[in-house]
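Q: Please take a close look at the aromatic pairs in this structure. How many are there, and how are the rings arranged?

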Amino acid sequence: QVQVVESGGGLVHPGGSLRLSCVASGRPFNRYAMAWFRRAPGKEREVVATISWTGGRTEYADFVRGRFDISRDNSKNTVYLEMNSLKPEDTAQYYCAQRSTIYTMNWPTNSAEYDAWGQGTQVTVSS
């Protein structure tokens, strides 16, 4: 049984920070790249960041580069998204996803390359 669960979302003021966590179970966690996506109201889902199975390679969307940091702790089957200098336009539902195949990581990447998804956690940036 594959399960992906996000947590850590909430309401934050512009310029603030949040850390999202994602726990994935049911498959060998250290064989799969992971990614964070987000979807804002009225907009298409977009990739935020991705990280290789070891954590040695990361990629970021231009709109978060320098502000967000993706990391993982394979001993805890957990991937994180540290979000800093948050802006109102970062407001979205954030989803954690696991690649459908092991030892693969592409950039650019898209949602079709992931087959295990969390339910999402809401991030709202507002004054």
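A: The count comes to four aromatic pairs, where rings of Phe, Tyr and Trp (its six-membered ring) pair if their centres lie within 6.5 Å, with planes under 30 degrees apart counted as stacked, over 60 as edge-to-face and the rest as tilted. One of them joins Phe37 and Trp117: the ring centres are 4.9 Å apart and the planes stand at 50 degrees, so this pair is tilted. Because Phe37 belongs to strand β4 (residues 34-39) and Trp117 to strand β10 (residues 114-117), the pair ties together parts that are 80 residues apart in sequence; strands are DSSP runs of E, at least two residues, numbered from the N terminus.

The model is predicted, so local features need pLDDT of at least 70 and side-chain atom pairs count only at pLDDT 80 or more, while totals for chains, interfaces and linings use all residues. Residues are numbered from 1 along each chain as its sequence is written, and side-chain values use heavy atoms, leaving out hydrogens and water.

Phe37 is buried at 3% relative accessibility, whereas Trp117 is partly exposed at 25%; buried means under 20% relative accessible area, exposed over 50% and partly exposed in between (1.4 Å probe, protein chains only). Trp117 also forms an edge-to-face pair with Tyr114, at 6.3 Å centre to centre and 70 degrees between the planes. Tyr114 is buried, with a relative accessible area of 5%.

The charged end of Arg45 sits over the ring of Trp117, 4.3 Å from its centre; the criterion is NZ of Lys or CZ of Arg within 6 Å of the ring centre and within 35 degrees of the ring normal.

Note on methods
Helix = DSSP H or I, 4+ residues; strand = E, 2+ residues; numbered from the N terminus.
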